[in-house]
Amino acid sequence: MKAIIFKRNILLVLLLFFSGVSLLKAQNNWERFKKTSAPMRKWVLLHPFKAQAALDVSMETQRVADSIKSSPLLDKDPSGGQVDAFRHAYWMARLRQEIGKSAAESLGKVHEKENYKTYEEKKLEDGIVPDEASTIMDLFNNKIGLTFTEKGSDISSKSLIYKIINAIHHGKMKVIKKSEAGLFLTCSGAVIKNKDLIGKWKNDKCLVDSNYKD
């Protein structure tokens, strides 16, 4: 599911206009806030004292995921692959650590609503248009990510990274089935043609365990 919060809209909305910044910055953030979706605006207004922490975690998650993508630890695939699964799990784990389970889980769900809006507007997220399979995958991996920490826990980021990578290698999360060439496959292993994916929320993509080997 591609660059989530990691997406521009989440990063912008979490720049709260009422967080004690300069007047000019507050005005700019207010303009950005007004342009975001209703679900995201509602989340920010319901969690005004947690939004900045969520922004910080989101930016941290993007940096960490980029580093993991460049390493040999996972499959280097940020769009439906292990890196994608890692990003969601790490994001939720760190969010729970900083802002609590309920707020973290609700932000994850809001993000998936944003993805459906992205689909409706035919916008790209990490090079592809979001669909139902990626949303199901993200929500599953979000749920697993929430199990790795507790609010206020002292687990280090390094320990958390390896804990999540280990879970991925043991098949505890979900990825989208692809060929070695990176083509989407059905559950029976047939290549899905682009014409059967473009503009379709529901398609024949197949979710598999995160340690799946083609």
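How many aromatic pairs does a search of the whole structure find? Keep that question in mind as you look around this predicted model; the answer comes after a quick look at the whole chain.

## The overall picture

Let's start with the parts list. The protein has 8 helices and 2 strands.

Of its 214 residues, 49% are buried. Then take the contacts between residues at least 6 apart in sequence: 70% of these join residues at least 24 apart.

Now back to the opening question. The search of the whole structure finds 1 aromatic pair. Its partners are F86 and Y90, and the pair is stacked, with 5.6 Å centre to centre and 20° between the planes.

Where do F86 and Y90 lie? Both are in helix α5, 4 residues apart, which is about one turn of the helix. Both F86 and Y90 are buried.

Helix α5 covers residues 82-99, and α4 covers residues 51-69. Two packed helices are described by the angle between their axes and the distance between the axes. For α4 and α5, the angle is about 150° and the axes are 9 Å apart. Because this angle is over 145 degrees, α4 is roughly antiparallel to α5. The crossing of α4 and α5 is right-handed.

Which residues make this contact? From α4 come A53, A54, V57, S58, E60, T61, V64, A65, I68 and K69, while α5 supplies V83, F86, R87, Y90, W91, R94, L95, E98 and I99. Sorted by class, the contact of α4 with α5 has 12 nonpolar, 2 polar and 5 charged residues. Notice that F86 and Y90, the stacked pair, are both on the α5 list here.

## How α5 and α8 pack

Helix α8 spans residues 157-169, and it packs against α5 at an angle of about 135°, with the axes 10 Å apart. The two helices α5 and α8 are therefore oblique to each other. Here too the crossing is right-handed, as α5 passes α8.

On the α5 side, the contact uses Q82, A85, F86, A89, Y90, A93 and R94; on the α8 side, it uses S157, L160, I161, I164, I165, I168 and H169. By class, that gives 10 nonpolar, 3 polar and 1 charged residues for α5 with α8. F86 and Y90 take part in this contact as well.

## How α5 and α7 pack

Helix α7 runs over residues 132-145. With α5 it makes an angle of about 45°, and the axes are 7 Å apart. That angle makes α5 and α7 oblique to each other, and α5 passes α7 in a right-handed crossing.

In this contact, D84, A85, H88, A89, M92 and A93 of α5 meet M137, D138, N141, N142 and G145 of α7. The residues divide into 5 nonpolar, 4 polar and 2 charged.

Is D138 buried or exposed? D138, in helix α7, has a relative accessible area of 0%, so it is buried. Its C-alpha atom is separated by 9.4 Å from that of R87, although D138 and R87 are 51 residues apart along the chain.

L46 lies in helix α3, residues 38-46. With a relative accessible area of 57%, L46 is exposed. The C-alpha atoms of L46 and A103 are separated by 9.2 Å, and these two residues are 57 apart along the chain.

Finally, look in the loop between α4 and α5, where you will find K76. K76 is partly exposed, at 41% relative accessible area. Its phi is near 70°, a positive value in a residue other than glycine.

Definitions and conventions: Residues are numbered from 1 along each chain as its sequence is written. This is a predicted model: local features need pLDDT of at least 70, side-chain atom pairs count only at pLDDT 80 or more; totals for chains, interfaces and linings use all residues. Side-chain values use heavy atoms; hydrogens and water are left out. Axes are lines fitted to C-alpha atoms, for helices over the stretch in contact, and angles run from 0 to 180 degrees between N-to-C directions. Angles under 35 degrees count as roughly parallel, over 145 as roughly antiparallel, 65 to 115 as roughly perpendicular and the rest as oblique. A crossing is left-handed if the near helix is turned anticlockwise from the far one by less than a right angle, and right-handed if clockwise. Contact means heavy atoms within 4.5 Å. Ala, Val, Leu, Ile, Met, Phe, Trp, Tyr, Cys and Pro count as nonpolar, Asp, Glu, Lys and Arg as charged, and the others, Gly among them, as polar. Buried means under 20% relative accessible area, exposed over 50%, partly exposed in between (1.4 Å probe, protein chains only). Rings of Phe, Tyr and Trp (its six-membered ring) pair if their centres lie within 6.5 Å; planes under 30 degrees apart count as stacked, over 60 as edge-to-face and the rest as tilted.
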